[in-house]
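Please prepare a short report on the structure shown below, covering its overall build, its domains, the surroundings of the ligand and the backbone details that deserve a check.

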Amino acid sequence: TDRYAVVGNPVEHSRSPAIHAMFAEQTQQDLAYERLLAPLDGFEAALRAFAAAGAKGCNITVPFKFEAFRLATEHTERAARACAVNTLRFDEGGWVGDNTDGAGLVNDIQRNARRPLEGRQVLLVGAGGAAAGVLGSLIAARPAIVTVVNRSLDKAQALVASHADLGVPLRAATLAEAPAAQDVVVNATSSSLAGAASPVDARVLKPGTLALDMMYGPKAQGFLDWAAAHGAEPRDGLGMLVEQAAEAFFFWRGLRPDTVPVLKALRSGLE
Ligand code: ATR
């Protein structure tokens, strides 16, 4: 049995073990996937102990994605672009770091929500780690433009600058300068933790705008209610979570699980 885990702090509410158990059953892979709580000052030690015990890889969640990036000895292109790693594979020769968050988001938008991004106007709200993890993949879907707005303008500018060579027009702005009537709005801020429904004004929405919060559960509810109240199509981060897990599963096992029944099971609480 090959061992994997999700490493974070906190990690007890992670749904990744349930998702990977369903993937493993579906593809008949002999693996175990656990939760690993790492002390805030003990991420590296926890990881080394897990790898030394024979584990094959892990997912990394808050707040360790940047540290995981530093500990990887090799990076996929998308992880290098994001400067953050959410998936590690422990190979003989070293630790390979990948970032599957962006592909997970884009696959959820395009396949599950059936919203092609090509030629669309996309607004990315936030410029922290969560936003950095997905911008490269959003750009790869060839939207007409991606606007990154953030409370601190300098962080939006830095994020845009680090992706300026990818051939899609990018703009950085403050929250107050967010453009109107976007096709897709992605909330990658943690502002819901402060109790605000949305960090941006409702004029960013138009009827049918896909308004996606990367969080799920109660933390996303304020934003989703706000979006629905203004005629947008709300979507939480559960589909992205399943899709990023499927990308990680492929990175480790070379097999693509069917995400549709897994997302369905999570939504109906059957996991
Ligand atoms: P994460 O890994 O979740 O992205 P982060 O790197 O700390 O965490 O980034 C948090 C994001 O949420 C940032 O874009 C932050 O804005 P600043 O860069 O200006 O700090 C944003 N954010 C957090 N609280 C917010 C609030 N109350 N209103 C608006 N934006 C907020």
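## Overall build

The protein, seen here as a predicted model, contains 10 helices and 12 strands. Its radius of gyration is 18 Å, close to the 18 Å that the globule rule gives for 271 residues, so the protein is as compact as a globular protein of that length. The C-alpha trace spans about 50 × 40 × 35 Å along the principal axes.

Of the 271 residues, 48% count as buried. Among the contacts with a separation of 6 or more, 65% are made by residues 24 or more positions apart.

The protein is divided into domain 1, made up of 2-99 + 240-267, and domain 2, which covers 102-236. The C-alpha centres of domain 1 and domain 2 lie 24 Å apart, and the contact takes 15 residues from domain 1 and 14 residues from domain 2.

On the side of domain 1 that touches domain 2, the elements that give two or more residues are helix H3 (65-71), helix H4 (77-82) and H9. H9 gives the most to this side, with 5 residues. Sorted by class, the side of domain 1 that touches domain 2 has 7 nonpolar, 3 polar and 5 charged residues.

## Helix H9

Helix H9 (residues 238-253) has 16 residues, which at 1.5 Å a residue should span 22 Å, and its end C-alpha atoms are 22 Å apart, in agreement with that expectation. Because 13 of its 16 residues are buried, H9 is largely enclosed by the rest of the structure. Just after H9, Gly254 takes a positive phi of about 75 degrees.

## Surroundings of the ligand

The ligand is surrounded by 15 residues, of which the closest are Gly128, Gly129, Arg151, Thr189 and Ser191. By class, this shell has 5 nonpolar, 8 polar and 2 charged residues.

Leu124 is found in strand S7 (residues 121-125), and it counts as buried because it has 29 C-beta neighbours inside 10 Å. Leaving aside neighbours within four places in sequence, Leu124 is in contact with Ala131, Leu135, Leu138, Val146, Val148, Val186 and Ala188. The C-alpha atoms of Leu124 and Ser268, which are 144 residues apart along the chain, are separated by 29 Å.

## Backbone details to check

Most residues other than glycine have a negative phi, and most peptide bonds are trans. Against that background, the peptide bond from Asn9 to Pro10 is cis, with omega near 5 degrees, and Pro10 is found in the loop between strand S1 (2-8) and helix H1 (16-27). A cis peptide bond also joins Val62 and Pro63, where omega is about 0 degrees; Pro63 lies in the loop between strand S3 (57-60) and H3.

Positive phi values also occur in residues other than glycine. Arg114, with phi near 55 degrees, lies in the loop between helix H5 (101-112) and S7, and it counts as exposed because it has 8 C-beta neighbours inside 10 Å. Ala181, which is not a glycine, has a positive phi of about 50 degrees and is found in the loop between strand S9 (170-174) and strand S10 (184-187). With 12 C-beta neighbours inside 10 Å, Ala181 counts as exposed, since the cut-off for that class is 12 or fewer.

Notes:
Residues numbered from 1 in each chain as written. Predicted model: local features only at pLDDT ≥ 70, side-chain atom pairs only at ≥ 80, totals over all residues. Helix = DSSP H or I, 4+ residues; strand = E, 2+ residues; numbered from the N terminus. Rg over C-alpha atoms; globule rule 2.2 N^0.38 Å. Buried ≥ 20, exposed ≤ 12 C-beta atoms within 10 Å, placed from the backbone. Contact = placed C-beta atoms within 7 Å. Expected span 1.5 Å × (residues − 1). Near = placed C-beta within 6 Å. Nonpolar A, V, L, I, M, F, W, Y, C, P; charged D, E, K, R; others polar. Domains from an automatic or database assignment.
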